[in-house]
Amino acid sequence: MAPLVPSQEELQRRRIIGINPETVTNIPSTDFPGHWPGESHAWALDGFKKNFKVEYHRNDPYEASFSLIGLDAAVANAFRRILMAEIPTLAIEYVFVHNNTSVIQDEVLAQRLGLIPLKGSVEGINWMHWFRKPSEDEEGSSAEGPSDYNTIVLHLDVECTKNPNADEDEQDPRKLYNNAHVYAKDISFHPVGRQEQFFVDDGAIRPVNPDILIAKMRPGQKIEMEMHCVKGIGADHAKFSPVATATYRLLPDIQIERPIIGEDAKKFVKCFPKGVIGLEPVTSEEAARSGSGYEGHAGEQKAVVKDAFNDTVSRECLRHEEFQGKVKLGRVRDHFIFNIESTGQFESDVLFLEAVKVMKLKCARWKRGLHDFMA
Amino acid sequence: MPGSIHDQEPQENDQSMMDAEPEVTDPILLDEKRIIVLPGSSETAASFQFEGEGHTMGNALRYAIMKNPAVEFCGYTIPHPSDAKMHLRIQTTDSTTALEALEKGFNDLMDLCDVVTEKFTASRDQFNAESGNRMEA
């Protein structure tokens, strides 16, 4: 017996998560074999290929926004989690303090340095391997300590001095002294070995934003330190997370079920962010149709849904007596509007592709583990 | 420590690392990662323990395995939040085994990743071309 195919209306009904004043309905996915008697829902790559869609809304180096349509929440959420916690990036991990007479303590300074986002040749960063800390009690371990392929060396050498050319009644410490403020731009990169081929000119390792304030000093104070950057993942420490934020939301769905006209329509518009609901005059055709609810209202303004995309689903409209039963709010279950903000090491669209790659790699690795014990 | 970078032979070290596991790009993640079959399993019903895994793979894998018509039940749990362990339970009909269902789950997820990459790249390139045109105009 061929599997039953549900009607388009039925499928559309299943796609909408209902949003009520106090509750949310129709939450779990039901597209699994055995859930709906007679229907198939088995995994089919061709079917997925046909239904899955990507719509791009924005693509800047530091921020990208796009919709993934036709995906299950389990998979979309996996991509989001990988974006935040499992894409390898470069950050300062070891700080060797040769001299620090500033008022900021060594450990606090080291912590601040770790959080500075770095950028440089992406090719070079991808070429780098993980750093494995050699353990002291383990003889002949495979970890080998810092090398050109696993460690980037940065230096911070600043000394605060009096500025002899400053005005006598100058109050601003930045003019009164040299190096009163230490910024991220004072960090210098010292390439080693093959790093000289990868990290040249624009590809040099440097802070994404040169104006991050690291410390403040007064004449006679000095900071001299060497920093080792290694690759790591966000699960280990947030400084390794390649994204500032990686979020998704479901596409809002607004259905006006019964006419909202006149003054009510104007009030209805105000319940939503700008541009979501529009006003249109009731056509004479609509007014002539009996049972439409528009009878005798030709020419009056009626509320129509213009652009549900920008809605925040605040549920404000559900609080008013006059809209009771006239509007239905919801979200589309399989329409994920992603927003990815990069910290600057990678471009945000590359980050998403990287997340998909990591997911595939994880599958491949676990599958290999499976073969080991099957044998 | 600083000087040690120059003293070493990077090429040699590189190779010794590659010898351990050729395709692996991240040895940190690979360490100590294993799948264990929990006691009390049969051919068609088994619980697997994934070390060092969480909701990321757990839920996605559960979805992929539940899409298999031969699977009667699939669910995952993280028994304790401080243990980095994920348990996955699979019960199948007699037409397959739990192990096969798990492997099919991995395969389906990998296929899905390929489609997502392909469609995402196409959509992004088209968007970039269109916005490039708009800027020129």
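1. In this predicted model, the contact between the two chains draws 51 residues from chain B and 52 residues from chain A. On the side of chain B that touches chain A, the elements giving two or more residues are α1 (4–7), α2 (10–20), α3 (27–30), α4 (55–66) and α5 (98–136) of chain B. The most comes from α5(B), which gives 19 residues to that side. By type, the residues on the side of chain B that touches chain A are 28 nonpolar, 12 polar and 11 charged.

2. Chain B itself can be described briefly. It has five helices and four strands, and along the sequence these follow the pattern α-α-α-β-β-α-β-β-α. Chain B has 137 residues, of which 27% count as buried. Among the contacts in chain B with a separation of 6 or more, 49% are between residues 24 or more positions apart.

3. Which residues have the most contacts inside the largest nonpolar core? They are Ile82(A), Leu83(A), Cys229(A), Ala355(A), Met359(A), Ile65(B) and Ile90(B), in a core of 91 residues. The list names residues of chain A as well as chain B. The largest share of this core comes from α5(B), with nine residues. As background, nonpolar side chains tend to be buried together in soluble globular proteins.

4. Met359(A), one of the residues named for the largest core, has contacts in both chains. Leaving out residues up to four places away in sequence, Met359(A) touches Ala78(A), Phe79(A), Ile82(A) and Cys113(B). Of these partners, Ile82(A) is also on the list of residues with the most contacts inside the core.

5. A second, separate core has 11 residues, including Ile19(A), Cys317(A), Val327(A) and Leu329(A). Ile19(A) stands opposite Val24(A) in β2(A). Strand β1 (residues 16–19) of chain A pairs with strand β18 (residues 327–342) of chain A in the antiparallel sense, through four bridges. Within that pairing, Ile16(A) has Val332(A) in β18(A) as its bridge partner. On β1(A) there is also an antiparallel pairing with strand β2 (residues 24–25) of chain A, over two bridges. The strands β1(A) and β2(A) make a hairpin, with four residues between them.

6. Chain A is divided into two domains: domain 1 covers 89–241 and domain 2 covers 258–325. How far apart do the C-alpha centres of domain 1 of chain A and domain 2 of chain A lie? The separation is 58 Å.

7. An open sheet in chain A is formed by four strands in the order β5-β14-β7-β11, with antiparallel pairing. β5 (89–100) and β11 (188–189) of chain A are at the edges; each has a single partner strand, so one side of each is left without a neighbour in the sheet. The partner of β5(A) is strand β14 (residues 222–232) of chain A, to which β5(A) is joined by 10 bridges in an antiparallel arrangement. Leu90(A) stands opposite Lys231(A) in this pairing, and Asn99(A) has Glu224(A) as its bridge partner.

8. On the β7 side of the sheet, eight bridges join strand β7 (residues 152–159) of chain A to β14(A), and the two run antiparallel. Here Asp157(A) stands opposite Glu224(A).

9. Helix α4 (residues 106–114) of chain A lies across β5 and β14 of chain A and runs at about 155 degrees to β5(A). Leu109(A) is found in this helix. Is Leu109(A) buried or exposed? It counts as buried, because 20 C-beta neighbours lie inside 10 Å. Apart from its neighbours within four places in sequence, Leu109(A) is in contact with Asn100(A), Ile104(A) and Ala215(A). In contrast, Leu109(A) and Phe48(A) are 61 residues apart in sequence and 50 Å apart in space, C-alpha to C-alpha.

Methods: Residues are numbered from 1 along each chain as its sequence is written. Chains are lettered from A and ligands numbered from 1 in the order in which they are written. This is a predicted model: local features need pLDDT of at least 70, side-chain atom pairs count only at pLDDT 80 or more; totals for chains, interfaces and linings use all residues. Two residues are in contact if their C-beta atoms, placed from the backbone, lie within 7 Å. Ala, Val, Leu, Ile, Met, Phe, Trp, Tyr, Cys and Pro count as nonpolar, Asp, Glu, Lys and Arg as charged, and the others, Gly among them, as polar. Domain bounds come from an automatic or database domain assignment. Two strands pair if DSSP finds at least two bridges between them. Axes are lines fitted to C-alpha atoms, for helices over the stretch in contact, and angles run from 0 to 180 degrees between N-to-C directions. A residue is buried if 20 or more other C-beta atoms lie within 10 Å of its own, exposed if 12 or fewer, and partly exposed in between; C-beta atoms are placed from the backbone. A nonpolar core is a set of buried Ala, Val, Leu, Ile, Met, Phe, Trp, Tyr and Cys residues joined through C-beta atoms within 7 Å.
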